[in-house]
Amino acid sequence: MAGLSLEHPWAFAFGLLGNIISFITFLAPIPTFYRIYKSKSTDGFQSVPYVVALFSSMLWIYYALIKTNETLLITINVAGLVIETVYIVMYLVYAPKKAKLFTVKIMLLLNVGVFGVILLVTLLLFAGERRVVMLGWICVGFAVGVFVAPLSIMRRVIQTKSVEYMPFSLSLSLTLSAVVWFLYGLLIKDKYVALPNVLGFTFGMVQMGLYVFYMNKTPVVADGKEAGKLPVAEEEHVIVNIAKLTPVAIPKNSQEVHPVTEMAASAVPRTCAAEAGENMDVVNVAVRQVV
């Protein structure tokens, strides 16, 4: 039991630390759902980040069970599964009918359909070590896809010369999380845990570098003109926590979590929100990545 054994004290230490950091990340959307509870409305928030985070936890739990002796991966992802389920249930309670139907469709497609296919393929077509290898690469592929999500945020920082959606403290915590899980994967000789976090660490360092470079710059709008300070009511933020360990972006002066799809709308005056939304290339996902 490499992940939970006194014979591997450093692996246990890094795994435990990774559990703590990732658990705190899973709790980041609490202010958002408190607001939803108080207002009895989802206020335009999207459910996709939480559905994807739930899928990520399901996938890594399955991998840990197939590989065996991965207790620390199981504990954090079980916690993530429970927390994300609570978020989704709350969303379904207060969301309008159209949003509820969309959420149910996405869950049926991803959490039932895609996960079901992965389950059947790996159980029926592969056995033993080959099953672990196949499932491991599936997890790596999904994790890499999630870690790439912050690229749209970094692009906006460069375009606007504003770090409002990429606070240094959050970038630092996500970078540390990637380092911890990479070392854990390295110590237990699990490349499927270690490899995705190399990318997570790289993007985290790039984010912190961009923050330092643009932190004192004057923000500009799309046409290159200097932008004034937005009203407080228009300051929204974004979480991008690919679960395994995460990537997330939140405005430095805000305490609530907003979906990624609101990023463009919140970065410009409300009269331009519709146009900005139409120009977004991707509806990216906030996922708390846990390994």
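Helix 1 and helix 4 run roughly parallel to each other, in what is a predicted model. Two packed helices are described by the angle between their axes and the distance between the axes. Here the axes come within 9 Å and cross at roughly 5°.

Find helix 1 at residues 9-26 and helix 4 at residues 71-94. Now look at the residues where they meet. Helix 1 brings A11, F12, G15, L16, N19, S22, F23 and F26. Helix 4 answers with L72, T75, I76, A79, G80, I83, E84 and Y87. By class, this contact has 10 nonpolar, five polar and one charged residues.

Next, turn to the charged pairs. Side chains of opposite charge can pair when their charged atoms come close. The model has two salt bridges. K67 and E70 form one of them, at 3.0 Å from N to O. K67 also forms a salt bridge with D190, where the closest N and O atoms are 2.6 Å apart. K67 lies in helix 3 (residues 48-67). D190 sits in the loop between helix 8 (168-187) and helix 9 (191-214). The pair therefore ties together parts that are 123 residues apart in sequence. Salt bridges that share partners join K67, E70 and D190 into one network.

K67 counts as partly exposed, at 25%.

Notes. Residues are numbered from 1 along each chain as its sequence is written. This is a predicted model: local features need pLDDT of at least 70, side-chain atom pairs count only at pLDDT 80 or more; totals for chains, interfaces and linings use all residues. Side-chain values use heavy atoms; hydrogens and water are left out. Axes are lines fitted to C-alpha atoms, for helices over the stretch in contact, and angles run from 0 to 180 degrees between N-to-C directions. Helices (H or I, at least four residues) and strands (E, at least two) are DSSP runs, numbered from the N terminus. Angles under 35 degrees count as roughly parallel, over 145 as roughly antiparallel, 65 to 115 as roughly perpendicular and the rest as oblique. Contact means heavy atoms within 4.5 Å. Ala, Val, Leu, Ile, Met, Phe, Trp, Tyr, Cys and Pro count as nonpolar, Asp, Glu, Lys and Arg as charged, and the others, Gly among them, as polar. A salt bridge is a side-chain nitrogen of Lys or Arg within 4 Å of a carboxyl oxygen of Asp or Glu. Buried means under 20% relative accessible area, exposed over 50%, partly exposed in between (1.4 Å probe, protein chains only).
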